[in-house]
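This report is meant for a reader who is meeting the structure for the first time. It begins with the pockets and then turns to the chain as a whole.

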Amino acid sequence: MPHNYRKDTIVYQIYPRSFMDSDGDGVGDLKGIISRLDYIASLGVNTIWLSPVYKSPNDDNGYDIADYKAIQPEFGTMEDFDRLVAEARARGIGIVMDLVINHTSDEHEWFQKALAGDERYKNYYIIRKGKDGKLPNNWGNFFAECPWTKFGDSEDEYYLHLFSKKQPDLNWHNLQVLEEVKDIMRFWLDKGVVGFRCDVINVIFKNSLADGKPRPILTGSEHYLSTDGCHEILRILRREVLEPYGAFAVGETVFVDVPKARDLTDPERGELDMVFAFEHMECDQVIVKWFKTPLKPKKLMACLSKWQTEMDWNACYFENHDQPRFISRFTDSEGLREECSKLMAGLLMTLRGTPYIYEGQEIGMINGDFASLDEIRDIESHNVNAMAKSLRLPEKVRWSMIQKTSRDNARTPMQWSSEANGGFTTGEPWLKVNSNYTQVNVAREEREPKGILAFWKRMIALRRTDPVLMDGSFRSVYEGEQIYAYERCLEGRRYLVLCNLTGKKAPLPQSLRDLGRILVCSYEKIFPSTLKPFEFRLVEVERTEE
Ligand code: ISL
């Protein structure tokens with residue numbers, strides 16, 4: 001089966017709540033997105049991934065879906081959605097929907113019917129009796145809560161939820177669930193969307209509900225990570241739904257290693273086009289993602305090289321709505337924000353694979369400047385705080401942990417201008433706008449021919465048109481304490497990418513000097529023997545006899 005992506009695809013992820021508010025209620029919406037389509041097109045991207053816009057009680061900001069065929073009223077109407085698809089298409093941009101099928105909202109009609117005692121719908125979910133007065137098993141939960149909650153008024157029945165208790169897991173052993181999901185996918189494909197980003201797709205099929213081997217987090221995950229059943233479901237969805245539309249599917253796959261990712265994306269098997277892996281996101285974590293240590297550049301280099309070399313093609317990303325902003329992970333010096341953002345642009349557009357840009361990344365947005373937990377909305381952060389409190393971690397420690405790792409760091413409203421609330425809303429924003437918006441915003445960047453945004457646009461344009469960057473092979477050349485160098489080669493043309501992954505200047509090894517024409521440099525003044533803090537350079541190596 002062929003892959004359904006083009007090598008020039010570049011994706012821009014929108015978190016609708018935080019992108020642009022058109023009606024002053026403090027929440028971003030579809031009309032807001034439509035009003036910014038020209039901006040998105042000006043970046044040079046050709047695909048938008050929309051985080052969920054379906055009807056939802058918002059326990060997890062839309063990742064808890066109450067109706068897969070309706071638009072969340074605060075985001076607008078189905079007419080607005082159809083207009084978004086049409087207007088995006090008119091600008092050469094395809095829309096990718098977020099497909100959340102591991103769980104629904106507990107407010108979904110299916111769960112409500114199950115609660116009312118309808119056996120057909122009870123079998124849509126994973127409902128089990130407790131064992132000897134205890135929970136059905138010892139599993140863990142992604143949001144640091146108990147994964148079992150009493151089912152309705154039942155005395156001894158519980159339902160499984162790997163995420164919040166308002167996100168009951170679907171029972172993928174039930175073929176009716178598969179039929180429902182096929183129907184949902186076709187509904188959106190018929191509207192003209194070009195594909196799906198499949199939320200936590202490798203956890204959907206639970207092999208068994210037996211106790212798991214105890215681990216620091218997610219005890220029990222050996223029973224559901226990338227199971228054969230999951231592979232089988234993906235093949236069916238591909239064959240019967242995606243393929244007839246030529247539609248594309250990227251999977252969010254937690255805890256995948258290279259062999260699993262290769263299986264999931266193998267064209268012979270016909271499952272996913274590419275996956276979001278997490279290993280490079282873990283280079284600054286200690287055991288679990290809520291404990292961070294300064295990012296170790298060498299570890300990041302090794303990880304990027306491994307995935308680049310061992311996968312033929314994959315999704316490349318450094319930010320999304322679940323991760324702290326990358327600049328804030330790389331440096332605590334706001335003085336180097338511009339340099340660091342340009343480096344990210346250079347890296348993302350010169351690695352092999354499909355680049356995903358997260359809203360605001362292209363203007364160098366950094367972590368939210370929240371003063372206390374009261375300003376944080378994310379359910380995960382509040383749960384983690386409660387868990388840490390139960391472990392008697394002092395408040396200062398808990399706050400420092402949440403400040404660094406909260407998913408809200410990336411969810412602060414998009415900074416459009418230096419007007420009130422960064423031009424995001426005329427009302428009260430649902431989440432605090434970063435107070436650096438007077439300095440960091442789109443309007444200002446658009447006036448800076450040598451600024452961050454201009455550099456991102458330049459790199460995007462190059463990535464979309466240059467065959468070497470689009471399809472060249474990858475080879476790591478140098479992984480030092482500061483400098484990362486790799487090659488991209490195609491049909492005798494050879495590019496060398498030089499990155500300084502630290503905020504300190506770095507001597508360039510002799511072997512990497514004066515090798516050819518410099519195509520791009522993130523600094524104006526170029527020193528042959530040094531890379532400045534976070535410098536990015538792209539060099540076309542002069543032909544040498546092979
Ligand atoms: O943030 C994470 C990894 O660093 C995870 O714990 C995250 O919850 C996991 O990657 C799953 O994410 C996806 O599904 C969740 C939703 O809350 C996230 O926003 C979504 O990206 C449940 O639907």
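## What lines the largest pocket

In this predicted model, the residues that form the lining of the largest pocket divide by class into 10 polar, nine nonpolar and seven charged. The volume of the largest pocket is about 690 Å³, and of the 26 residues that line it, those closest to its centre are Ser328, Arg329, Thr331, Asp332 and Lys404.

The element that gives the most to the lining of the largest pocket is α10, with three residues. On the scale of domains, the largest pocket lies between domain 1 (11-104 + 174-368 + 416-460) and domain 3 (469-541), because both of these domains give residues to its lining.

## The second largest pocket

The second largest pocket holds about 560 Å³ of space. Its lining is made up of 31 residues, and the ones that lie nearest its centre are Phe142, Val254, Phe278, Lys289 and Glu380. When the lining of the second largest pocket is sorted by class, 15 residues are nonpolar, 10 are charged and six are polar.

Strand β13 (residues 288-292) provides the largest share of the lining of the second largest pocket, namely four residues. Domain 1 (11-104 + 174-368 + 416-460) and domain 2 (109-160) each contribute at least three residues to the lining of the second largest pocket. Domain 1 therefore takes part in the lining of the largest pocket, together with domain 3, and domain 1 also takes part in that of the second largest pocket, together with domain 2.

## The chain as a whole

The chain contains 22 strands and 16 helices. Its radius of gyration is 23 Å, which is close to the 24 Å that the globule rule gives for 546 residues, so the chain is as compact as a globular protein of that length. Taken along the principal axes, the box that the C-alpha atoms of the chain fill is roughly 75 × 50 × 50 Å.

Of the 546 residues in the chain, 61% are buried. As for how the chain is held together in sequence terms, the contacts to consider are those between residues at least 6 apart in sequence, and among these 69% join residues that are at least 24 apart.

Technical notes. Residues numbered from 1 in each chain as written. Predicted model: local features only at pLDDT ≥ 70, side-chain atom pairs only at ≥ 80, totals over all residues. Heavy atoms only, no water. 1 Å grid on protein atoms, 1.4 Å probe; cavity = no way out; pocket = protein on both sides within 12 Å on 5 of 7 lines; lining within 4 Å. Points joined across faces, edges and corners; volume = space filled by probe spheres on them. Helix = DSSP H or I, 4+ residues; strand = E, 2+ residues; numbered from the N terminus. Nonpolar A, V, L, I, M, F, W, Y, C, P; charged D, E, K, R; others polar. Domains from an automatic or database assignment. Rg over C-alpha atoms; globule rule 2.2 N^0.38 Å. Buried < 20%, exposed > 50% of the residue type's maximum accessible area, 1.4 Å probe, protein only. Contact = heavy atoms within 4.5 Å.
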